[in-house]
Amino acid sequence: MVNKSRTPTKGPETTAPPDRGAPVTPAVHAAALTVVRGARTVIDDLAFDIPRGTVTGLLGPSGCGKSTLMRAIVGTQAKVTGTLDVLGSPAGSRTLRSRVGYVTQDPSVYGDLTARQNLDYYAAVLGVPRQERAAQVERALADVDLTSHADSLTDNLSGGQRSRVSLAVALLGSPELLVLDEPTVGLDPVLRRDLWNLFHRLATAGGDGTRGSGRGTTLLISSHVMDEADRCQNLLLMREGRLLADGSPEALRTRTGTGSIEEAFLHLVDEARATDPPNT
Ligand SMILES: Nc1ncnc2c1ncn2[C@@H]1O[C@H](COP(=O)(O)OP(=O)(O)OP(=O)(O)O)[C@@H](O)[C@H]1O
């Protein structure tokens with residue numbers, strides 16, 4: 001969906017296709033990005049890049065604006081201003097529809113269809129060519145480890161299994177960017193580990209450096225649980241609509257002289273408070 005209220009400005013100049021060795025734009029490029037909801041500015045002047053083929057964690061406390069930022073990136077959020085480019089095009093561009101997968105916090109699948117039927121349906125809606133549909137559906141089911149439940153009615157699956165059907169839907173068509181809003185919330189430790197392993201498999205590029213069998217997908221994954229940070233290659237740390245810092249977990253720990261991302265986060269909060277003008 002194209003957001004009519006925003007006025008995208010020009011992004012970075014590099015628009016070459018993702019050929020081996022050619023310069024590529026970041027998966028997401030944001031500058032002076034602001035979002036207003038109701039009377040409140042809930043995203044305030046963000047600037048960051050998300051490199052392609054990485055697993056990037058969007059971390060911050062509940063209510064800090066993670067879902068709003070994700071909605072802006074996938075083009076479903078109103079009142080977005082500033083620059084927000086996704087895979088080299090303004091967020092929400094029609095051409096991005098099949099290139100970006102998005103899973104919200106509420107699984108959006110039909111309870112009266114089986115997992116496989118849901119996937120068949122969404123594959124058709126997404127325009128996956130008929131002759132490729134069955135193979136893509138099977139691959140997506142296998143990716144999320146649901147092959148053995150493929151013919152169960154979705155209403156009869158557990159909450160975690162239903163979330164994985166939603167994730168499988170987002171994997172159809174092999175999107176270049178996957179935006180996942182708290183995908184591991186409420187899952188048991190084994191499933192969480194398996195999902196993180198899947199995320200890293202998806203992000204790994206094929207042997208020729210392109211999005212081949214290893215896909216080279218970029219993943220943006222939100223969580224309010226700081227202990228998921230070390231599973232990410234890159235982090236965006238948010239608080240109260242602002243970006244506290246971004247970089248690798250190791251770089252953030254080193255920069256703040258702390259031993260964990262939770263401590264780094266607290267250090268950055270104190271640092272921000274010390275530099276904020278009073279009454280903000
Ligand atoms: N329709 C609205 N009008 C005004 N403010 C809103 C509206 N919807 C959400 N907000 C506010 O926007 C802020 C960001 O919400 P958002 O859902 O993006 O946070 P979040 O970090 O994803 O939280 P959570 O982890 O709990 O999902 C919150 O403070 C919320 O209260």
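Q: Which residues of α5 are called buried?
A: The buried residues of α5 are L195, F199, L202 and A203. A residue is buried if 20 or more other C-beta atoms, placed from the backbone, lie within 10 Å of its own, exposed if 12 or fewer, and partly exposed in between. The model is a predicted one, in which local features need pLDDT of at least 70, side-chain atom pairs count only at pLDDT 80 or more, and totals for chains, interfaces and linings use all residues. Residues are numbered from 1 along each chain as its sequence is written.

Q: What places the buried residues on the same side of α5?
A: L195, F199, L202 and A203 are the buried residues of α5. They cover an arc of only 95° around the axis, so they lie on the same side of α5; the arc is that of the directions from the helix axis to the C-beta atoms. The face turned away from this buried side carries the exposed residues P189, V190, N197 and R201.

Q: How does the reach of helix α5 compare with the span expected at 1.5 Å a residue?
A: The expected span is 1.5 Å times one less than the number of residues. Helix α5 (residues 189-203) has 15 residues, and its reach of 21 Å from first to last C-alpha is close to the expected 21 Å. Helices are DSSP runs of H or I with at least four residues, strands are runs of E with at least two, and both are numbered from the N terminus.

Q: What covers the buried residues of α5?
A: The cover includes the strands β3 (55-59), β7 (177-180) and β8 (218-223). Leaving aside residues up to four places away in sequence, L219 touches V55, T56, L178, L180, F199, L202 and A203; contact requires C-beta atoms, placed from the backbone, within 7 Å.

Q: Why is Q117 called partly exposed?
A: Q117 has 17 other C-beta atoms within 10 Å, and is therefore partly exposed. Q117 belongs to helix α2 (residues 115-126). Q117 and A203 are 86 residues apart in sequence and 27 Å apart in space, C-alpha to C-alpha.

Q: What makes a group of residues a nonpolar core?
A: Such a core is a set of buried Ala, Val, Leu, Ile, Met, Phe, Trp, Tyr and Cys residues joined through C-beta atoms within 7 Å. The largest one here has 71 residues, and L219 is among the members that touch the most others. Helix α4 (residues 159-171) gives the most to this core, with 6 residues.

Conventions: Contact = placed C-beta atoms within 7 Å.
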